Each structure stands twice: as structure tokens, then as C-alpha cells.
Amino acid sequence: DKDVVFMTADADAFGLRKFKKDFPRQFINVGVAEQNMITVATGLALSGKKVFIYAIIPFITMRCYEHLKVNICSMNLPVTIIGAGAGLSFGYDGPTHNAVQDIAVMRILPEITILNLSDPEMAITAARIAYESKSPLYIRLDKGAIPQIYKKDSDFFDGLALLKSGKDLCIISTGIIVHRAMEVAELLSKHNISAGVIDLYRLKPVNETLLLKMLSGFKQVVTLEENSIVGGLGTILSEVVIDNRKPVSLKRIAIKDEQSFHYGTRDWLHQYYNLDVNGITKTILGEFKNAKSDN
């Protein structure tokens, strides 16, 4: 399709090198000029092109926020915004590269759809969804390879998936932290706690009907994310629970509402924020124990 155009703001990826080689006339590198990239993408979309734009998450979302809101979303243009480096994946690059606040700001744009990928098979389907989309789409990619969860040719159009059944509590996660949620659920089983795991990969619009159906029978729900506790997955679940008068106890596990000026490996940062397996498990065990004593 010669109408497909891929744009980058000097952000590289192995796949892009192949695309640039195979389709040089459909590849544009605007340089370190993300806001200008949004403006050019707008013009191309208005000319009938199917545009994909790519950069590191904080630079393509928060740096370009007004441009995304006014140029792309207000005109409901089918531009796919691809952000690289979800969460703390750029740990050594520090606060300028941390992507822990973008979900909060992007989800208040009425026209946007948000996909937060947890699996390489999901990325394949996301590309097809993006190509067929008639409105703005924001896709969050992790940095580097992600272990596989889903089978080949899985259908990701529901917006969420129940990865593990449980009866005592349900852990809802998104992105790469879904893998951590599975580890935590396994560790909780050694404490005689049966934990279900849901991967909520479409953060907007949320499939509330299916989500509420999956949550039926659970009185305790835990949200687990590598984002700020303000405005992310925990906030989304809070809204769903309150709006639907769901009688559950909700515990949000995320990064504190504070500026982070720490540098280090992702694993070290997870330990600092108690997002490692042991830290998460300890938090859930304490919450579970308190809930049992209240009952």
C-alpha cells in the first residue's frame, strides 16, 4: 500500500531499518523534531495517507501533547502513534525517558484508542488493527524483546484476556508487568491463595462488559502496573468499579506519585518501587490478611 507512510523522530529500531530499505519513499525521518513530526503527519493524513509516527514515549506524547490534541485528535485523523520504552525500560536514561505518566494524559483525549502490548503476537495484531483504524491510535511498546504469552494468530479484539483463573483474588495488569503478575500468582499459590490474572491490554476504550463478567465472583481485586498510581490502570479500574457499583475491595500497586530522579537497571528500579516479585507478593499478602481480618 503506497499510501502507508512511516515517520520517526530520529528514533531507531531493527525493524525500521528493513522498512527504510524496502520502502525508502514511504519512510521519513524528521530528526529530533517531534512536534514538527505531528504537524507533517497531520498534513499527510489529510492528504489521504495512512501515517504511523514513532519516537520514545515521553517525547511523542507529553512533548507533543497539544499538537496531538489539536491536530490529530480534534480532527479524528487515523494516525497511529507508536511510543517506545514503556514504563522504566529506559532505566539508565533517567527521568527524561521514564514513561510512567503518559497513560494518564493520553487517556483523556476523547478520540484516542490505547493499546499497551504485553506480547509479540499482540504486536502483530496491533499492526493490523492500526492499519484498519479510522481514528487515532496510541500503541505503547516495551524496549527490547518481550516473552511470548499468547498463541500464534490469537484474537486480541476483546481488549483483555483472562490468563489464569483464580478464586480468592484477581490481579489485573497491563504491558510487560503482566509477566510479573503471573509470577506473583504462582508465588501466592504457595501461600494457599488462588489468584487469577487478567491482561488489560486495551486501556481505552475498556471492554467494561467483559471485564465485569471476568471479575464476577471476586471480592478482592489488585491492579499492578509500571506507571504512576495517578491516572493509570488503577485509576481506570477505580472508575469502572465505582461507575458499575461493583462491591469489591480494590488495591492499586504502582509507582508512587512523586518525581523519580533515580537511574539504574529496570530490576533495580522495580526493587526500589516494590514492583519486584517479592515486594508485590508482600504487599498483596498484607492486603489479603487485612481483608480477611475485616471479614
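## Leu 137 in strand β6

Leu 137 lies in strand β6, where a strand is a DSSP run (E) of at least two residues and a helix one (H or I) of at least four, both numbered from the N terminus. The model is a predicted one, in which local features need pLDDT of at least 70 and side-chain atom pairs count only at pLDDT 80 or more, while totals for chains, interfaces and linings use all residues. Residues are numbered from 1 along each chain as its sequence is written, and side-chain values use heavy atoms, with hydrogens and water left out.

Is Leu 137 buried or exposed? Leu 137 counts as buried because its relative accessibility is 1%, and buried means under 20% relative accessible area, exposed over 50%, and partly exposed in between, with a 1.4 Å probe and protein chains only. Although Leu 137 and Pro 78 are 59 residues apart in sequence, their C-alpha atoms are 7.2 Å apart in space. Leaving aside neighbours within four places in sequence, Leu 137 is in contact (heavy atoms within 4.5 Å) with Val 79, Thr 80, Ile 81, Ile 112, Thr 113, Leu 115, Ile 129 and Ala 130.

## One face of helix α4

Helix α4 spans residues 65-73, and Leu 68, Asn 71, Ile 72 and Cys 73 in this helix are buried. Seen down the axis of α4, these buried residues fall within an arc of 150°, so they line one face of the helix; the arc is that of the directions from the helix axis to the C-beta atoms. The buried residues of α4 pack against α2 (34-46), α3 (57-60), β4 and α5 (102-106).

## Nonpolar cores

In soluble globular proteins, nonpolar side chains tend to be buried together. A nonpolar core is a set of buried Ala, Val, Leu, Ile, Met, Phe, Trp, Tyr and Cys residues joined through side-chain atoms within 4.5 Å. The largest nonpolar core here has 46 residues, of which Ile 53, Ile 172 and Leu 211 touch the most other members. Helix α9 (residues 233-243) gives the most to this core, with five residues.

Beyond its neighbours within four places in sequence, Ile 172 is in contact with residues including Ile 198, Leu 211, Val 222 and Leu 237. Another core, of 23 residues, lies apart from the largest one, and among its members are Leu 169, Ala 185, Val 222 and Leu 269.

## The largest pocket

On a 1 Å grid over the protein atoms alone, a pocket is an open set of points with protein on both sides within 12 Å along at least five of seven lines, a cavity is a set of points where a 1.4 Å probe fits but cannot get out, and lining residues have an atom within 4 Å of a point. Grid points are joined across faces, edges and corners, and a volume is the space filled by probe spheres set on the points.

The largest pocket holds about 900 Å³ of space. Its lining has 29 residues, and the closest to its centre are Ala 13, Tyr 54, Ile 82, Ala 123 and Leu 141. The elements that give two or more residues to this lining are α1 (14-22), β3 (50-56), β4 (80-84), α6 (120-132) and β6 (137-141), and the largest share, five residues, comes from α6.

## The largest cavity

A search of the whole structure finds three cavities of 30 Å³ or more, and about 60 Å³ of space lies in the largest cavity. Among the residues that line the largest cavity are Asn 116, Arg 140, Asp 142 and Glu 226.
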